[in-house]
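This report describes one protein chain, from its overall make-up to individual residues. The sequence and the model are shown first.

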Amino acid sequence: MESHLENLTIGAFAKAAGVHVETIRFYQRKSLLVEPKRPYGSIRRYGAADVARVKFVKAAQRLGFSLASMKSGNC
């Protein structure tokens with residue numbers, strides 16, 4: 001992936017992945033996406049691997065897989 005996809009805020013991450021910010025938060029609540037640690041006094045940052053994971057989940061959904069079959073440990 002390209003280097004401009006590193007160190008993304010949640011808004012930039014959502015845009016790069018082609019989803020809404022609430023989709024990112026939903027995937028985190030469902031354990032489909034790991035929530036990155038927040039450095040002291042800073043905001044969470046996401047990278048190219050996170051973008052690729054969300055794109056993978058969305059592609060799997062289009063193929064008919066359910067979110068329940070895509071938990072973090074299963075993909």
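Is Asn-7 buried or exposed? Asn-7 is exposed, because its relative accessible area is 52%; here exposed means over 50% relative accessible area, buried under 20%, and partly exposed in between, with a 1.4 Å probe and protein chains only.

## Basis of the description

The model is predicted, so local features need pLDDT of at least 70 and side-chain atom pairs count only at pLDDT 80 or more, while totals for chains, interfaces and linings use all residues. Residues are numbered from 1 along each chain as its sequence is written, and side-chain values use heavy atoms, with hydrogens and water left out.

## Overall architecture

The chain contains 3 helices and 0 strands, arranged along the sequence as α-α-α. Helices (H or I, at least four residues) and strands (E, at least two) are DSSP runs, numbered from the N terminus. The helices are α1 at residues 10-17, α2 at residues 21-29 and α3 at residues 48-62.

Of the 75 residues in the chain, 28% are buried. The accessible surface of the chain is about 5000 Å², and carbon and sulfur atoms contribute 56% of that area; such areas come from the Shrake-Rupley method with a 1.4 Å probe, and for residues only the protein chains shown count as cover. Among contacts in the chain with a separation of 6 or more, 55% link residues 24 or more positions apart, where contact means heavy atoms within 4.5 Å.

## Packing of α1 against α2

The axes of α1 and α2 are 8 Å apart, and the two helices pack at an angle of about 95°. Helix α1 is therefore roughly perpendicular to α2. Axes are lines fitted to C-alpha atoms, for helices over the stretch in contact, and angles run from 0 to 180 degrees between N-to-C directions. Angles under 35 degrees count as roughly parallel, over 145 as roughly antiparallel, 65 to 115 as roughly perpendicular and the rest as oblique.

On the α1 side, Ile-10, Gly-11, Phe-13 and Ala-14 take part, and they meet Val-21, Ile-24 and Arg-25 of α2. By class, the residues of this contact between α1 and α2 are 5 nonpolar, 1 polar and 1 charged. Ala, Val, Leu, Ile, Met, Phe, Trp, Tyr, Cys and Pro count as nonpolar, Asp, Glu, Lys and Arg as charged, and the others, Gly among them, as polar.

## Packing of α1 against α3

The axes of α1 and α3 come within 9 Å and cross at roughly 45°. The arrangement of α1 relative to α3 is thus oblique. Phe-13, Ala-16 and Ala-17 of α1 form the contact with Asp-50, Val-51, Val-54 and Lys-55 of α3. The residues of the contact between α1 and α3 comprise 5 nonpolar, no polar and 2 charged.

Leu-33 lies in the loop between α2 and α3 and counts as buried because its relative accessible area is 4%. Leu-33 and Asp-50 are 17 residues apart in sequence, with their C-alpha atoms 7.5 Å apart in space.

Gln-28 lies in helix α2 and counts as buried because its relative accessibility is 13%. Leaving aside neighbours within four places in sequence, Gln-28 is in contact with Leu-33, Val-34, Glu-35, Pro-36 and Tyr-46.

Ser-31 belongs to the loop between α2 and α3. Although Ser-31 is not a glycine, its phi is positive, at about 65°. Ser-31 counts as partly exposed because its relative accessible area is 38%.

With 9% relative accessibility, Gly-47 counts as buried. Not counting residues up to four places away in sequence, Gly-47 touches Leu-5, Glu-6 and Asn-7. The C-alpha atoms of Gly-47 and Leu-8 are separated by 6.1 Å, although these residues are 39 residues apart along the chain.

Asn-7 itself is located in the segment before α1. Asn-7 has a positive phi of about 65° and is not a glycine.
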